[in-house]
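Reader: Hi, I have this one open on my screen now. Could you walk me through some of the side-chain packing and pairing?

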Amino acid sequence: MAEVMSMEDIRAAAARIDIDFSQVDLDSIRLPPGDDYGIISDDEDLREEEELEFDQGFENIIVVDNLPVVPEEKFEKLEGVVRKIYSQIGVIKEDGLWMPVDPETGKTLGYCFIEYNTPQEAELAREKTNGYKLDRSHVFAVNLFDDIDKYRKIPDEWAPPETKPYTPGENLQQWLTDEKARDQFVIRSGSDTEVLWNDARQLKPDPVYKRSFWTESFVQWSPMGTYLATLHRQGAAVWGGATTFNRLMRYAHPQVKLIDFSPGEQFLVTYSSHEPSNPRDTHRVVLNIFDVRTGKIMRDFKGSADEFAIGGGGVTGVTWPVFRWGGGKDDKYFARIGKNVISVYETETFSLIDKKSIKVENVMDFSWSPTDPILALFVPELGGGNQPARVSLVQIPSKEELRQKNLFSVSDCKMYWQSNGDYLAVKVDRYTKTKKSTYTGFELFRIKERDIPIEVLELENKNDKIIAFAWEPKGHRFAVIHGDNPRPDISFYSMRTAQHAGRVSKLTTLKGKQANALYWSPAGRFIVLAGLKGFNGQLEFYNVDELETMATAEHFMATDIEWDPTGRYVATAVTSVHEMENGFNIWSFNGKLLYRILKDHFFQYSWRPRPPSLLSPEKEEEIAKNLKKYSKKYEAEDQDVSLQLSEQEREKRKIVKEDWERWLNEWKRLQEEEKMERQGLRDGEASDEEEEYEAKEVEVEELLDVSEEIISFELES
């Protein structure tokens with residue numbers, strides 16, 4: 001670093017070597033090229049910024065060739081046509097369309113340059129418009145600007161490409177091989193995002209990775225736990241790895257607000273909503289579908305919020321997710337609802353099946369089977385009740401209607417699929433004859449049985465309000481909370497009877513429970529009956545096999561409840577919607593509190609999902625039958641951990657005892673050192689022993705106050 005000199009120092013130095021400083025022209029001084037003598041110019045920062053801008057390249061610029069050659073008077077019209085075509089694909093930068101003109105003829109040269117905001121938009125424009133037929137004589141040839149530069153650098157002679165050695169990437173499923181068979185979860189509190197192991201044996205979380213300002217809104221696991229997605233102003237990103245979370249891919253989408261993965265993790269849908277320039281217009285919605293691995297935009301959708309708001313409300317009126325995925329983990333189909341249509345797309349070409357939507361007059365809602373390409377559609381009543389409401393099952397891609405059920409006097413309808421796609425429950429709210437009130441029943445579809453039989457279920461008290469409904473995952477049972485607050489009833493039903501006949505049967509009803517939400521274990525059998533919000537976090541852990549309560553507990557002010565993917569543990573959390581007691585509790589499946597973690601400004605808790613088991617149903621059944629054989633290893637490990645915890649507890653107590661004895665001996669030493677000093681203060685009397693003291697009771701009288709008062713009285717004569 002050069003030493004800084006004042007002008008007085010410079011003048012003094014000039015006088016010492018006989019230089020008349022007043023005659024020196026400072027502007028004429030030139031430093032040798034590339035040498036600044038340690039003095040950095042004020043323009044250096046600007047130069048660095050220019051270099052950075054240059055280093056960014058031209059990936060966001062395309063060259064459109066084979067345009068019509070037009071004179072000056074038609075220039076504006078041609079520019080308007082080109083801008084209209086390419087602004088539908090992405091946002092063109094200000095002054096981002098340049099059409100060169102021949103200075104001699106004044107005509108265009110037949111090509112133009114277009115600059116987009118992002119390289120992804122430029123790539124999409126090239127893909128969509130290369131070969132676009134403007135008219136019979138003009139077919140667009142579109143290239144990326146960087147490609148043209150690359151073509152210019154092609155050598156005259158061919159040389160074999162350099163073979164690079166294969167370097168394997170990180171195993172993104174490494175976390176599944178944990179020797180302790182633990183699960184991971186992610187939490188957000190304050191500015192920090194943390195991924196941790198749930199180490200229930202050690203009764204504490206075990207850190208994996210922590211990062212500040214990792215996301216600008218929320219984080220989201222992919223459906224099989226391979227990726228962790230984060231949101232930023234410029235777009236979304238996914239992270240993963242064996243030991244650390246490395247960024248695997250970025251997805252450019254400015255102002256992205258929501259994301260959604262396809263079930264098989266092949267695609268990522270991103271959503272943004274933009275304020276209109278005209279207050280009378282609606283929000284402009286942009287949806288992109290990316291290939292997760294390559295980051296390539298496979299299809300984009302743009303329009304007003306009204307176009308995406310059919311069938312319910314959501315962010316700025318848009319139903320989320322806009323696209324619903326079907327066909328199981330294969331990610332073959334996705335669909336969206338529109339006005340009087342269901343648009344079903346296939347992912348091979350990202351176009352409509354048969355190039356047309358399914359026309360369904362007044363369709364209100366739809367949902368996919370979780371395992372099969374079957375759509376369930378709900379259409380409300382039409383013509384003032386003259387045309388009944390209906391629920392239809394439609395096979396994709398044939399669009400064949402498999403089953404239809406007409407419903408009369410319908411107020412509202414909601415569909416619930418069982419996780420294996422074996423059953424569909426349709427909750428139907430119907431008007432009474434007077435139309436002054438409603439009552440609720442269920443239409444139960446047996447999807448896998450011949451002709452898809454439908455069974456009607458009505459509660460014993462038709463007027464009971466349905467508070468919650470939930471299927472047992474991978475099972476045949478379901479639970480319903482019904483009745484009036486504050487103590488509704490909870491009923492359990494089975495789609496099978498003792499003889500496995502096709503009749504729904506009630507298992508039991510629990511009367512007067514403080515619950516308004518149902519949380520089944522992912523493995524079935526166990527369920528948490530939860531009282532959230534007004535019930536202040538009441539929890540009941542219930543065994544549906546034995547129809548008995550395992551435990552009751554409370555997590556005061558709990559806002560979220562989530563089972564781990566194996567069904568062994570339950571997390572309850574109090575997020576920052578409440579100012580106090582922020583944090584989370586981890587419970588065993590049978591309701592034992594294992595540990596509690598408090599975190600200020602706690603925003604999010606999410607278990608890392610697991611992919612489906614690779615074991616066949618027969619192998620899983622065999623393991624369940626011989627569980628004792630497999631569990632010996634883990635029982636031994638549990639015992640070792642228990643002994644280790646006991647040893648740790650003994651060691652902790654030993655340390656506390658040693659600290660106490662050390663403190664006590666220190667005070668005894670000080671007392672001994674000061675013994676002679678105390679004796680001198682007491683005129684040579686040794687008074688440390690308690691026996692030298694004699695306790696006496698002394699009564700003391702103390703005059704507190706004296707007052708005189710003259711009382712007048714008269715004597716009777």
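Predicted model: local features only at pLDDT ≥ 70, side-chain atom pairs only at ≥ 80, totals over all residues.

**Rings, charges and strands**

Reader: Let's start with tyrosine 416 and phenylalanine 469: buried or exposed?

Author: Tyrosine 416 and phenylalanine 469 are both buried. Buried here means under 20% relative accessible area, exposed means over 50%, and partly exposed lies in between, using a 1.4 Å probe and protein chains only.

Reader: Okay, rings. How many aromatic pairs are there in the whole structure?

Author: The search finds 41 aromatic pairs. Rings of Phe, Tyr and Trp (its six-membered ring) pair if their centres lie within 6.5 Å; planes under 30 degrees apart are stacked, over 60 edge-to-face, and the rest tilted.

Reader: Why is the pair of tryptophan 214 and phenylalanine 245 called edge-to-face?

Author: Because the ring planes of tryptophan 214 and phenylalanine 245 stand at 80 degrees, with the centres 5.9 Å apart. Tryptophan 214 sits in the loop between β9 (204-212) and β10 (219-221), and phenylalanine 245 in the loop between β12 (235-240) and β13 (246-252), so this pair ties together parts 31 residues apart in sequence. Helices (H or I, at least four residues) and strands (E, at least two) are DSSP runs, numbered from the N terminus. Both tryptophan 214 and phenylalanine 245 are buried.

Reader: And how do the rings of tyrosine 416 and phenylalanine 469 sit?

Author: They form a tilted pair, 4.7 Å centre to centre and with 40 degrees between the planes. Tyrosine 416 belongs to strand β27 (residues 410-417) and phenylalanine 469 to strand β31 (residues 466-471), so the pair ties together parts 53 residues apart in sequence.

Reader: Nice. Which residues form the aromatic cluster?

Author: The cluster is made of Phe267, Phe301, Phe323, Trp325, Phe334, Tyr345 and Phe350.

Reader: What sits over the ring of phenylalanine 366?

Author: The charged end of arginine 324 does, 4.5 Å from the ring centre. Lysine 462 likewise has its charged end over the ring of tyrosine 439, 5.4 Å from the centre. The rule is NZ of Lys or CZ of Arg within 6 Å of the ring centre and within 35 degrees of the ring normal.

Reader: Switching topic: how many salt bridges?

Author: The count comes to 38 salt bridges, each being a side-chain nitrogen of Lys or Arg within 4 Å of a carboxyl oxygen of Asp or Glu.

Reader: Which residue meets arginine 182 in a salt bridge at 3.3 Å?

Author: Aspartate 199 does, with that distance taken N to O. Arginine 182 lies in the loop between α5 (145-152) and β7 (184-189) and aspartate 199 in strand β8 (residues 192-199), so the pair ties together parts 17 residues apart in sequence. Arginine 182 is buried at 10% relative accessible area, and aspartate 199 is buried at 5%. Arginine 182 also forms a salt bridge with aspartate 206 (3.1 Å, N to O).

Reader: Which residues are linked in the network of salt bridges?

Author: Asp178, Lys180, Arg182, Asp199 and Asp206 are linked there.

Reader: Last topic, sheets. In what order do the four strands of the open sheet come?

Author: The order is β27-β28-β29-β30, with antiparallel pairing. Strands pair if DSSP finds at least two bridges between them. β27 and β30 (454-458) are at the edges with a single partner strand each, so one side of each has no neighbour in the sheet.

Reader: How many bridges join β27 to β28?

Author: Seven bridges join β27 to strand β28 (residues 423-431). Within that pairing, methionine 415 has valine 426 in β28 as its bridge partner.

Reader: And what does serine 189 touch?

Author: Serine 189 touches Lys599, Asp600, His601, Phe602 and Phe603, leaving aside residues up to four places away in sequence. Contact means heavy atoms within 4.5 Å. Serine 189 is in strand β7 and is buried at 8% relative accessibility.

Key. Residues numbered from 1 in each chain as written. Heavy atoms only, no water.
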